[in-house]
Amino acid sequence: MRVEGNILVVGSSGQIGTELVAELRRRNKNVQVVASDIKPSLNSLQVEGPFEELDILDAKRLREIVEKYQVVEIYQLAALLSGTAEKNPEYAWKLNMDGLFHVLDLAKEGIIKKVFWPSSIAVFGPNTAKNNTPQSTIMRPTSVYGIGKLAGESWCEYYKANYGVDVRGIRYPGLISYKSKPGGGTTDYAVEIFYEALSKGRYTSFLNQETELPMMYMPDAIEATIQLMDAPVESLSQVAYNLTGFSFTPAQLGAEIRDVLPDFELDYAPDFRQKIANSWPSSIDDSVAQQDWGWMAKYSLEDMVKDMIKNISAQMAAR
Ligand code: NAD
Ligand code: AKB
């Protein structure tokens, strides 16, 4: 894998960071992959390698860490996700935007050579075509989280066009994983359901049965992130790429789980996250990512369900 200096992952104790740090360390034995978060996690401390406590709102401390480790590449993952952001819009805007600026400004100075900043399907809104949503279309997000992601994408384009910053991103769909729990998003039900199915045999979904959303299994998301960061800069036409694995509704996911656990029971009690989900696409067209950097997801819905049940069962048995 191509990396010309040390790497910093900000927000490393979260759902993506936990797995990304481990995979970056596995693939880059010749460089230091520094994990950092406002809070350490058992996972990040267990994975061998440096960890620094960092509040991304503290630009001075960020610079100190970058200088200490001679970092040239930053993955800026620290954020409030859609559900949590809706409960605290002012702080969500501050964290999600200022965190990005602190990293982009180091890249503008030339200290950082490459930045990864994740966007989301939340950039789309209720006026966007729901099915097979294209890369470029009407956006107009209605959640505070989505407004921040769209503004962030525009700032990334601005820094790229005006200061030559190499910044890359993915509009991740809902991510499903078992190594670390999700951090307060609208798609979190699709992870919680597995833990409850295996521990209680039943689950109450906070989204209604017909809410279809785009999703992806975490191994594909990690692979995509690393592939995008490895792609030649000349091949990239976007700062934030549409990406998808598969789409399903809570009812369809329940039926897949029932294929493995026939007694599983599912009911529905939609809460405030239903409104957010209703404003997002049902399925995503990721053909631009396929064309620009050869993206292709590996996991199907059925593969993901079997793998989640196998791994969470093993975790529970080991307790
Ligand atoms: P997460 O909530 O699981 O992790 C975020 C991490 O950031 C947490 O460990 C938290 O402690 C840390 N953090 C919070 N405030 C911080 C601060 N001030 N300074 C430093 N660290 C701080 O989130 P995630 O799911 O890993 O998402 C990472 C990024 O990917 C976010 O930008 C999110 O919007 C984006 N994304 C995630 C998904 C998904 O389904 N997980 C989908 C689309 C986009
Ligand atoms: C969330 O639900 O907030 C995230 C996302 C799709 O951005 N999982």
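This is a predicted model: local features need pLDDT of at least 70, side-chain atom pairs count only at pLDDT 80 or more; totals for chains, interfaces and linings use all residues.
With a relative accessible area of 39%, Tyr-158 is partly exposed, because it falls between the 20% limit for buried and the 50% limit for exposed. Together with Trp-155 and Tyr-163, Tyr-158 makes up a nonpolar patch on the surface. The accessible area of these three residues together is about 290 Å².

Strand E11 (residues 213-217) is largely enclosed by the rest of the structure, because five of its five residues are buried. Leu-213, Met-215 and Tyr-217 point one way from E11, while Pro-214 and Met-216 point the other way.

E11 pairs with two strands named here. With strand E9 (residues 174-176) the pairing is parallel and runs over three bridges; Met-216 in E11 is the bridge partner of Leu-175. With strand E13 (residues 246-248) the pairing is antiparallel, also over three bridges. Here Met-215 stands opposite Phe-246 of E13.

## The largest pocket

The largest pocket holds about 850 Å³ of space. It is lined by 42 residues, and those closest to its centre are Gln-15, Leu-77, Ala-79, Leu-81 and Gly-183.

Several helices and strands contribute at least two lining residues each: H1 (15-27), H4 (82-87), H5 (89-108), E6 (119-120), H6 and E9. H1 gives the largest share, three residues.

## Salt bridges

Side chains of opposite charge can pair when their charged atoms come close. The whole structure contains 17 salt bridges. One of them joins Arg-26 to Glu-23, with the closest N and O atoms 2.7 Å apart. Both residues are in helix H1, three residues apart, or about one turn of the helix. Arg-26 is exposed at 51% relative accessible area, whereas Glu-23 counts as buried at 17%.

Glu-52 and Lys-68 form a salt bridge through their side chains, at 2.7 Å from N to O. This pair links distant parts of the chain, with Glu-52 in strand E3 (residues 51-53) and Lys-68 in helix H3 (residues 59-69), 16 residues apart. Glu-52 is buried, with a relative accessible area of 10%, and Lys-68 is exposed at 56%. Both residues are part of a network of salt bridges that also includes Lys-60, Arg-61 and Glu-64.

A further salt bridge connects the side chains of Arg-168 and Asp-166, at 2.9 Å from N to O. Arg-168 and Asp-166 are both buried.

Technical notes
Residues are numbered from 1 along each chain as its sequence is written. Chains are lettered from A and ligands numbered from 1 in the order in which they are written. Side-chain values use heavy atoms; hydrogens and water are left out. Patches are made of residues with over 30% relative accessible area and no salt bridge: like charges are joined within 9 Å, nonpolar side chains (Val, Leu, Ile, Met, Phe, Trp, Tyr) within 5 Å. Accessible areas come from the Shrake-Rupley method with a 1.4 Å probe; for residues, only the protein chains shown count as cover. A salt bridge is a side-chain nitrogen of Lys or Arg within 4 Å of a carboxyl oxygen of Asp or Glu. Buried means under 20% relative accessible area, exposed over 50%, partly exposed in between (1.4 Å probe, protein chains only). Helices (H or I, at least four residues) and strands (E, at least two) are DSSP runs, numbered from the N terminus. Two strands pair if DSSP finds at least two bridges between them. On a 1 Å grid over the protein atoms alone, a cavity is a set of points where a 1.4 Å probe fits but cannot get out, and a pocket is an open set with protein on both sides within 12 Å along at least five of seven lines; lining residues have an atom within 4 Å of a point. Grid points are joined across faces, edges and corners, and a volume is the space filled by probe spheres set on the points.
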